[in-house]
Amino acid sequence: MANSEPVVLDVDGLSALFEALKRRGYRVVGPTVRDKAIVYDDLDSPADLPEGWTDEQDGGHYRLLRRDDRALFGYVVGPQSWRQFLHAPRVELWHGTKSGDGVRIEADPMPSEPLAFVGVRACELQAIAVQDRVLMGGAYVDPHYRARREGAFLVAVNCGRAGGTCFCVSMETGPKATAGFDLSLTELLDGDGHRFLVETGTDTGQAVLAELPHRPAAAAEIAAAAAVVERAAASMGREMRSDDVRDLLMRNLEHRRWDDVADRCLSCGNCTMVCPTCFCTTVEETSGLTGAESARSRRWDSCFTMDFSYIHGGSVRSSTRSRYRQWMTHKLATWHDQFDMSGCVGCGRCITWCPVGIDITEEVRAIRGDGPN
Amino acid sequence: MTIFDPMLPRIARTRRRRRDGPAVWTLDIEMAEGGPPAFAPGQFNMLTAFGVGEVPISVSGDPADPSRLVHTIRAVGPASTALARLGPGEVLGLRGPFGVGWPMEQAVGRDVVVIAGGLGLAPLRPALYRLLAERERYGSIVLLYGTRSPEEILFRRELESWRRRLDIDIEVTVDHAVGDWRGHVGVVTTLIPRSAFEPSSTVALVCGPEIMMRFAIASLQDAGVADDAIYLSMERNMKCAVGLCGHCQMGPVLVCRDGPVFRYDRIRSILGAREI
Amino acid sequence: MEAHGLDRILREHRFFAGLDEESCGVVCGCAKNVRFEAGEYLFRAGEPADQFYLLRHGRVALEVAAPGRGAVTFQTVGEGEIVGVSWLIPPYRWTYDAKAVELVRAIAMDAACLRRKCEADHDLGYEMMKRFVPVLVDRLQNTRLQILDVYGPNG
């Protein structure tokens, strides 16, 4: 396990990192600007990063704005998360072919190209850890997730500012990346130039770093990097008391507030689509016109759909009230029972991307009775 | 490297199919390759009708008989209807068995009250086979079975043959009857106070529609059976059956992974909540 | 002799469990032993509810005749239970048929006699009510469950 002193990489060094990763066969993925948002996509070089962009986020509100500098990581998280690569929105599971009076089943191939993520935030590292636990930590392992996850190279970025809906400090998941990365970067942009303080998390990270032009970090640079993270921690857009939230919600399954939020909730499922820990899937069966071929695929599902809890006779959760309650109590309460950890990492996506701006932190406050009603 | 893929079905074939009530069919199946997987009473399999879909079905056969794997299916949706139509020799897919079954070992040395409602008798039948096969290990055995009408009584011939045994009490009741039905009419809970078992040393196994189970629990409690001696088999929308898809959540538990059989005191707090 | 035997039977019947001796004696004055062969009717809908029955042996089916469906049994009653509550409230008329499914032995209680005694002695009347109300509540509860048709196609 690598545990060396931090070093400094300049912008050319970052380009070298991209080259080194590609040389090692990684598909490099990271943030870029598309459709007026920060999205995660294939990157060729740091030139594809959202240079000079930042974002403005609030309940139901997202705007990209120009920064007055050339920062490469001066925004926080957008509508997507890394789960779209690790826990893909659609996976072909198998296909079957009729042969004689039998059926031959073949598993569809797993992806073999290793992934390298550049720009993973601390809350997102935790989200990946959560999905690791859910999809690989139990008696049964999801082989599709594992095929993508194992061998993935993670380059974390410590946040220099918090978004308007961020609350990682409350969930104790950030803003500094402390574990689960191969390399972590803290972007420094001051009178001494544009550079990155680099920490290593794994031997693979150390080996990659060794291929890059770098120099030891000065004490002032280490202090500056710490100050960057402190600034982010001090500027959280939201906060939520999380130590008592599990019992609070389970004690209040019939609280009036669920009716109140049900009046606002459109049951659109956006929160489940943007949440980096949501893992629910459903399966679909397709068959050719002759019936000789059939195939099964898996796709993301949302607990906000009526079909989600359908059993013979009807949906278990037919009201919006019960579906919102399911989603929120799952994230904050029953996830602890099921997976021994919280299902919320405090990234704020569900707040930003809710079309009516429902704010999970505000809902918790209302149920606790210490917020505006 | 080959990773075990729990989503990949094995090929099975129908050997025999018989009608067990309106729209209810029991299939004996065999694996295309290798023997049938061993199962514990109360466990379920995911059965695939190729080109249509996959559904969870409890094993309803004898756990001691490895020659055939038995499932009782009610044709309600596209997949269960397609499965129920499979004739001898036709192909289906099978994943499983999955889940936590009935507490056969915890019940040793105690009276066992089996309460079944409707199709809920199917997941309980393997437990009954086991109880009768190892009869001397258990105290009194009582089966209370309620269903809709005399025409809908499952496993009728088997129930009749068991009824002739002196070492099991079987009472069957229906919600309503026409014609020459001479048995009980009324809900299954009415049979509980009339049954001979020692509440303090009884284990109750309950399976049926959720409402019926809630009423049965209340009657068992009235009779003096402790909450930690009552076991229920829950139904939720299971898609993956291996705890990965999230569909079968019931508050803090995943029914496929932590159940389907639960000890009542462990789910008491959520069973009463609406739409959980 | 006959009265003495009835008195013992009444006292041992689950329905009258715990009733004091004096009340038992009073109630006993309205009782008689009856027997119905399989297929015989204890009473039919529409008839005056002038008796009710404490079952000692055998099973009774409570039926409602439904057009096109024949007689539908909605409940069976067995040993230790009672048949008939319509005698309690005006217009004292049966609303369903009660048929012996097998040989039935029962104690028939004269309704007019018991009503008169309950009216004269409200303590006795209250004792009777305490025994009949749970039967009614149970039946209501069970009827609710049956209405839900939990085993039906939409159950």
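How many residues of chain A are in contact with chain B, and how many residues of chain B take part? The model is predicted.

**View 1. The interface of chain A and chain B.** In this predicted model, 47 residues of chain A are in contact with 41 residues of chain B. The two chains bury about 3700 Å² between them. Carbon and sulfur atoms carry 57% of that area. Y140(A), H312(A) and Q338(A) supply 16% of the area that chain A buries against chain B.

**View 2. The side of chain A that touches chain B.** Several elements of chain A give two or more residues to this side. The strands are β6 (90–99), β7 (102–107), β13 (281–287), β14 (293–300) and β15 (310–311) of chain A. The helices are α3 (122–136), α4 (143–149) and α11 (320–339) of chain A. Which element gives the largest share? α11(A) does, with eight residues. By class, this side of chain A has 21 nonpolar, 15 polar and eleven charged residues.

**View 3. Strand β6 of chain B and its partners.** Strand β6(B) spans residues 91–98. Seven of its eight residues are buried, so the strand is largely enclosed by the rest of the structure. Strand β1(B), residues 10–19, pairs with β6(B) in the antiparallel sense over four bridges. Here A12(B) stands opposite L92(B). Strand β3(B), residues 44–49, also pairs with β6(B) in the antiparallel sense, over four bridges. In that pairing, F44(B) has F98(B) as its bridge partner.

**View 4. An open sheet in chain C.** Four strands of chain C form an open sheet in the order β1-β8-β3-β6. Their pairing is antiparallel. Which strands lie at the edges? They are β1(C), residues 31–36, and β6(C), residues 82–83. Each pairs on one side only.

**View 5. Close-up of β3 and β6 in chain C.** Strand β3(C) covers residues 51–57. Two bridges join β3(C) to β6(C), and the two strands run antiparallel. Y53(C) has V83(C), in β6(C), as its bridge partner.

Technical notes
Residues numbered from 1 in each chain as written. Chains lettered and ligands numbered in written order. Predicted model: local features only at pLDDT ≥ 70, side-chain atom pairs only at ≥ 80, totals over all residues. Heavy atoms only, no water. Contact = heavy atoms within 4.5 Å. Buried area = accessible area lost by both parts, 1.4 Å probe. Nonpolar A, V, L, I, M, F, W, Y, C, P; charged D, E, K, R; others polar. Pairing = 2+ DSSP bridges. Buried < 20%, exposed > 50% of the residue type's maximum accessible area, 1.4 Å probe, protein only.
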